[in-house]
Structures are given as C-alpha cells and as structure tokens.
Amino acid sequence: LQLFREMADSRVERNMITDGAAMSACEKGMQWIQALHLYREMADSHVGRDTITYSAVVSSCEKGAQWVQALQLFREMVGS
C-alpha cells in the first residue's frame, strides 16, 4: 500500500488494475477497512470497477467477518 500512495504522490494515474491490486493486498493482509476505503475512492475518482475489484473488496469484508457489508457490496455488484 505504500507503493500505491507513492504512485499518487508521483501523479501516476489510478486505474482498475492498480486499485484492484491494492485491494487484493488489503484482502491478504486482513485490512477490510482499507479495502473498503479504496473501493469508495474508486467511485470518487471515477475509476471503473469490475468483477475483480468487487471480488477483492467483498472477500476482504468476508475475511474480516463483515457479512452485512459483504452482502451490500455483492448486491451493488449484481445491480451494476
């Protein structure tokens, strides 16, 4: 995630791939709050979201035992 922040400081443009990779790192590190924060930032930054990014954030919430949040995200994914 430090590299992700350095990208922003260097004005490297965010995209689904960079954000998805960061969320996957959050998932593996059991950092569901950070993954959710990145997910919300994607919408604020108008970065597209795909099945991979949805899967990473839902899985992060699931691993953090945040079942309600995971279900809400899943419903959002299905509805988009």
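Start with Ser-60, which you will find in helix α4. The model you are looking at is a predicted one. Is Ser-60 buried or exposed? Its relative accessible area is 3%, so Ser-60 is buried, given that buried means under 20%. Which residues does Ser-60 touch, once its neighbours within four places in sequence are left aside? They are Met-23, Cys-26, Glu-27, Trp-32 and Ala-35. His-37 makes a handy landmark for distance: 23 residues separate Ser-60 from His-37 in sequence, and their C-alpha atoms lie 11 Å apart in space.

Now widen the view to the helices. Two packed helices are described by the angle between their axes and the distance between the axes. For α3 and α4, the axes come within 8 Å of each other and cross at roughly 150 degrees. Because angles over 145 degrees count as roughly antiparallel, α3 is roughly antiparallel to α4. The crossing of this pair, α3 and α4, is left-handed. On the α3 side the meeting residues are Trp-32, Ala-35, Leu-36, Tyr-39 and Met-42, and on the α4 side they are Thr-53, Tyr-54, Val-57, Ser-60 and Cys-61. Sorted by class, the contact of α3 with α4 has eight nonpolar residues, two polar ones and no charged ones.

Next, turn to the other partner of α3. Helix α2 spans residues 16-28 and helix α3 spans residues 32-44; their axes come within 8 Å and cross at roughly 165 degrees. That angle makes α2 roughly antiparallel to α3, and the crossing of α2 and α3 is left-handed. Which residues make this contact? From α2 come Met-16, Asp-19, Ala-22, Met-23 and Cys-26, while α3 brings Gln-34, Ala-35, Leu-38, Tyr-39 and Met-42. In the contact of α2 with α3, eight residues are nonpolar, one is polar and one is charged.

In soluble globular proteins, nonpolar side chains tend to be buried together. Here the largest nonpolar core has 16 residues, and those with the most contacts inside it are Met-23, Tyr-39, Val-57 and Leu-73. At least two residues of this core come from each of α2, α3, α4 (51-63) and α5 (67-79).

Finally, look at the loops. Most residues other than glycine have a negative phi. Where does Met-30 sit? Met-30 lies in the loop between α2 and α3, and although Met-30 is not a glycine, its phi is positive, at about 60 degrees. Ala-65 belongs to the loop between α4 and α5. Ala-65 is not a glycine either, yet has a positive phi of about 60 degrees.

How values were computed:
Residues numbered from 1 in each chain as written. Predicted model: local features only at pLDDT ≥ 70, side-chain atom pairs only at ≥ 80, totals over all residues. Heavy atoms only, no water. Axes fitted to C-alpha atoms, helices over the stretch in contact; angles between N-to-C directions. Helix = DSSP H or I, 4+ residues; strand = E, 2+ residues; numbered from the N terminus. Parallel < 35°, antiparallel > 145°, perpendicular 65-115°, else oblique. Left-handed = near helix turned anticlockwise from the far one by under 90°. Contact = heavy atoms within 4.5 Å. Nonpolar A, V, L, I, M, F, W, Y, C, P; charged D, E, K, R; others polar. Core = buried A, V, L, I, M, F, W, Y, C linked by side-chain atoms within 4.5 Å. Buried < 20%, exposed > 50% of the residue type's maximum accessible area, 1.4 Å probe, protein only.
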